[in-house]
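Good morning, everyone. Please have the sequence and the model open, and follow along as I go through it.

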Amino acid sequence: MSAPRPRESLRPSVFRPLLRWLQERLEGGPLHFTLLDPDKTPGDRAGEVAQRAERLGTHLILLGGSTGIRPEGMSAAARAIHARTRLPVVIFPQGTESVTPEADAILWMSLLNSRNLRWVVRTHAGASLAVRHLGLEPISLGYLVVAPGMKVGEVGEADVLPRDEPQVAAGWALAAEYLGMQLVYLEAGSGAPEPVPLPLVRAVREVLKVPLLVGGGIRRADQARALLGAGAQVLVTGTVVEEGGEEALRPIIEEVNRHRVRPAR
Ligand code: 1GP
């Protein structure tokens, strides 16, 4: 029996191919992604929060979390965000439960420094045919968890990258690029007391050709400015969106947009 044929996405994406959309916008400067966890910010509420983030100037919504993710929750949140914004919605997967045809693409992320092959490639092997069947665009991403790693470091069974060894991080990031990853993400873990250290970002940026995303623990504009100065091309914030509200999010997004030579939209 042959595998089911891929079909046009159930919800044809206006951003397709999203990777190209992303690369074009990155030519004009850095981007800000808003991470929403449908377990903490479900359904219509996700739509409202995304709408506010869009008004503040965010460029894309990542949908996902480390625990408690269900396909129905992902779909409801994605639908609500599409109803209220014109932002692309991209799956930030926890596992097969994160897959929804309502998204514009899925980050095909491999937690490279996990001790468990489940997070590196095994879950992917179980989900790839479904993703193809749904017509979702996969964007490969080398996901590197830096100390302290927080929940994702624990759940993902990561040997977290040390904060004081920039060349170690550079080695891992370049390995990801050489493996063909289209994006690399340095992750300190959601709610980390401090973001990824600047020397790590600098060392990784120096060797990498593909876009570099940085997230975890970004709460203030001065941190955003420093990370952008060190070479981060996409900043991801989650906690500040869900807990800090508009006042906390605004200066971070403003900082990202101040670094752009032309608007993203
Ligand atoms: C998730 O690192 C991001 O990948 C979000 O981190 O919740 O600390 O913003 P925060």
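A quick word on naming first. Helices and strands here are DSSP runs, numbered from the N terminus; a helix has at least four residues and a strand at least two. With that in hand, find Pro-17. Pro-17 sits in the segment before α1. Keep in mind that this is a predicted model.

Stay at Pro-17 for a moment. The peptide bond between Arg-16 and Pro-17 is cis. Its omega is about -10 degrees. There is another cis bond to look at, joining Ala-147 and Pro-148. There omega is about 10 degrees. Where is Pro-148 found? Look in the loop between β5, residues 137-145, and α5, residues 150-155.

Now move along to Met-150. Met-150 lies in helix α5. Its phi is near 50 degrees, a positive value in a residue other than glycine. Is Met-150 buried, partly exposed or exposed? Its relative accessibility is 30%, so Met-150 counts as partly exposed. The cut-offs are these: buried means under 20%, exposed means over 50%, and partly exposed is in between.

Glu-157 is next. Glu-157 is not a glycine, yet its phi is positive, at about 50 degrees. Look for Glu-157 in the loop between α5 and α6, residues 166-178. Glu-157 counts as partly exposed because its relative accessibility is 27%.

On to the ligand. Which residues are around the ligand? Among them are Leu-35, Phe-92, Tyr-185, Glu-187 and Ser-190. The list also includes Gly-215, Gly-216 and Gly-217, as well as Thr-237, Gly-238 and Thr-239. By class, this shell has three nonpolar, eight polar and one charged residues.

Let's take the contacts one at a time. Start with Glu-187. An N or O atom in the side chain of Glu-187 is 2.2 Å from an oxygen atom of the ligand. For Thr-239, a side-chain N or O atom is 2.4 Å from a ligand oxygen. Gly-238 uses its backbone: an N or O atom there lies 2.8 Å from an oxygen atom of the ligand. How much of the ligand does the protein bury? Taken alone, the ligand exposes 310 Å², and the protein buries 98% of that.

Gly-215 is in strand β7, residues 212-215. Gly-215 is buried because its relative accessible area is 0%. Now compare Gly-215 with Arg-265. They are 50 residues apart in sequence. In space they are 23 Å apart, C-alpha to C-alpha.

Next, the cavity. How many cavities of 30 Å³ or more does a search of the whole structure find? The search finds one. The largest cavity holds about 40 Å³ of space. Its lining includes Leu-18, Leu-22, Phe-33, Leu-60 and Leu-62. Val-90, Leu-107, Ile-139 and Leu-183 line it too. α1, residues 18-26, and β2, residues 60-63, each supply at least two lining residues. What about class? The lining has nine nonpolar residues, no polar ones and no charged ones.

Last stop: His-124. His-124 is in helix α4, residues 117-134. Its relative accessibility is 13%, so His-124 counts as buried. What does its side chain lie beside? A polar atom of the His-124 side chain is 2.7 Å from the backbone oxygen of Met-109.

That's my tour. Thank you.

Key. Residues numbered from 1 in each chain as written. Predicted model: local features only at pLDDT ≥ 70, side-chain atom pairs only at ≥ 80, totals over all residues. Heavy atoms only, no water. Near = heavy atom within 4 Å. Polar contact = N/O pair within 3.5 Å; in protein donor to acceptor, adjacent residues only side chain to side chain. Areas by Shrake-Rupley, 256 points an atom, 1.4 Å probe, with all protein chains shown as cover. Nonpolar A, V, L, I, M, F, W, Y, C, P; charged D, E, K, R; others polar. 1 Å grid on protein atoms, 1.4 Å probe; cavity = no way out; pocket = protein on both sides within 12 Å on 5 of 7 lines; lining within 4 Å. Points joined across faces, edges and corners; volume = space filled by probe spheres on them. Buried < 20%, exposed > 50% of the residue type's maximum accessible area, 1.4 Å probe, protein only.
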